[in-house]
Amino acid sequence: MRRLNPHAAWCSIYEFEDVIRQVEDVDLLELMPASRFELRQSIARSLAWRGWHRSFARLNPGVKPVTLGHDYDLLVFVCMNAWDLLYLNALRDWTRCKVKVCYLVEFYAGLAERYDHLLQLLRGFDAVAHSFSGSVAALHRITGKPCHHVPLAADVRRFTPYPEPPPRVIDVLSVGRRSEPVHQALLQLAAEGRVFYQYDTIPGALVRPSRPDEHRDMLANSAKRSRFFITYPAKFGDDENQGQSEVGARYFEGAAAGAALLGQAPTAPAFHDEFPWPDAVIEPREDGSDVADLLAASEARPGELERISARNAVTALRKHDWAHRWQSILQIAGVDARPALTERLRALEAIADGAERAGLNT
């Protein structure tokens, strides 16, 4: 969907597709906008949102039709949210694939009934993989299909500071959603010359990178040079999450880069499965009043910060690469992995082993 949706938030799933292409023999079917795409998409979404006639969920939202041309062993449809399911209507013969899996990134259980008519499109798949553990049961109830929790991840080879960690010249890096009181506290510290604070100044909806890979490179290069990385639950501060606290992409990106996570840990039990440490996230008070003290305490214990950095980066190499998620999807689909996937996982493990040996020798 990279030709349809250039928003920065989607670059993470385009990165997932790129990793799949590196380790698998696949065809990437790029959906292309037809004439008056924005208008047609707006109309299709408006009608589908009302939901009073299920046929509206079958509208093509202004995308050029795509014909697969031949049979495939596996079709994986990677999408961000329920609205993206409308793009399936541009694929004329996708159900002919032997096994069909949808990887749906962002959906909240509290919205299941409201978007029931859209979620019915998932019935055409053999299985659904979803990044939010708290929504899996609701998706299964609506679709009747096997639904599996497959967490988000990062291209860890892009984000890892190893084998030659660069200097961490950025004190705090903030990308995407953040706590306004904490942000103001960090701005004050930056104004006083006490920290180098790098943060967004443009609303996320306006950030549309011309090349997703360059955008991910920029984020990774900044993150691996940062001591702290701001992390808050997915859709933090937005009513869309319906009070559901889930593990967003920032946690995996910051950890992969070897930064200490600063913000708020999700309440989803799955977070503790992926980051099983009591200090996985350093949590300031909601009003940001102790941010300066937390940063000062880390300065007083540089060895502790180095330990957190190494732990996060090494764990990401072993657990949180997009290749690990692709391996999970292949297992769900009952499809054997190709040698390139095994080789990538071995290479990541080798980097982790080398980082641990270097740590023991210092």
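Helices (DSSP runs of H or I, at least four residues) and strands (DSSP runs of E, at least two residues) are numbered from the N terminus. The structure is a predicted model, in which local features need pLDDT of at least 70 and side-chain atom pairs count only at pLDDT 80 or more, while totals for chains, interfaces and linings use all residues. Residues are numbered from 1 along each chain as its sequence is written, and side-chain values use heavy atoms, with hydrogens and water left out.

## Pockets and cavity

Rolling a probe the size of a water molecule over the atoms shows where empty space is left. The search runs on a 1 Å grid over the protein atoms alone; a cavity is a set of points where a 1.4 Å probe fits but cannot get out, and a pocket is an open set with protein on both sides within 12 Å along at least five of seven lines. Lining residues have an atom within 4 Å of a point. Grid points are joined across faces, edges and corners, and a volume is the space filled by probe spheres set on the points. For the linings, Ala, Val, Leu, Ile, Met, Phe, Trp, Tyr, Cys and Pro count as nonpolar, Asp, Glu, Lys and Arg as charged, and the others, Gly among them, as polar.

| Space | Volume | Lining by class |
|---|---|---|
| Largest pocket | about 1300 Å³ | 28 nonpolar, 12 polar, nine charged |
| Second largest pocket | about 840 Å³ | 18 nonpolar, one polar, 12 charged |
| Largest cavity | about 50 Å³ | five nonpolar, three polar, two charged |

The largest pocket is lined by 49 residues, and those nearest its centre are Ala8, Ala9, Gly176, Arg177 and Arg250. Two or more lining residues come from each of helix H1 (11-23), strand S5 (170-174), strand S6 (197-199), helix H7 (212-223) and helix H8 (249-256). H7 gives the most to this lining, with five residues.

The second largest pocket has 31 lining residues, of which Val26, Asp27, Leu74, Leu75 and Val76 lie nearest its centre. At least two residues of its lining are supplied by each of H1, strand S1 (74-79) and helix H12 (322-333). Here S1 gives the most, with five residues.

The structure holds one cavity of 30 Å³ or more. Its lining consists of Ser131, Ser133, His149, Pro151, Leu152, Glu246, Val247, Phe252, Ala270 and Glu274.

Burial is expressed as relative accessible area (1.4 Å probe, protein chains only): buried means under 20%, exposed over 50%, and partly exposed in between. A contact means heavy atoms within 4.5 Å. A polar contact is a pair of N or O atoms within 3.5 Å; within protein, one must be able to donate a hydrogen and the other to accept it, and residues adjacent in sequence count only if both atoms are side-chain atoms.

Glu24 lies in the loop between H1 and helix H2 (37-50) and counts as buried because its relative accessibility is 14%. Its side chain makes a polar contact of 2.9 Å with the side chain of Trp326 and another of 3.1 Å with that of Arg338. Apart from neighbours within four places in sequence, Glu24 is in contact with Trp326, Leu330 and Arg338.

Thr315 belongs to helix H11 (residues 302-319) and is buried, at 15% relative accessibility. The side chain of Thr315 reaches the backbone oxygen of Arg311 at 2.8 Å. With neighbours within four places in sequence left aside, Thr315 is in contact with Trp277 and His320.

## Lys145

Lys145 is placed in the loop between helix H4 (136-143) and strand S4 (147-149). Lys145 counts as partly exposed because its relative accessible area is 24%. Not counting residues up to four places away in sequence, Lys145 touches Leu122, Arg123, Phe125, Asp126 and His140. A polar atom of the Lys145 side chain lies 3.5 Å from the backbone oxygen of Arg123. Trp277 stands 132 residues from Lys145 along the chain, and their C-alpha atoms are separated by 33 Å.

## Cysteines

A disulfide is a pair of cysteine sulfur atoms within 2.5 Å, and by this rule the count comes to zero. The sulfur of Cys97 is too far for a bond because the closest cysteine sulfur, in Cys102, is 13 Å away. Cys147 is likewise in no disulfide, the nearest cysteine sulfur being that of Cys102 at 9.6 Å. Cys97 is buried at 2% relative accessibility, and Cys147 is buried at 15%.
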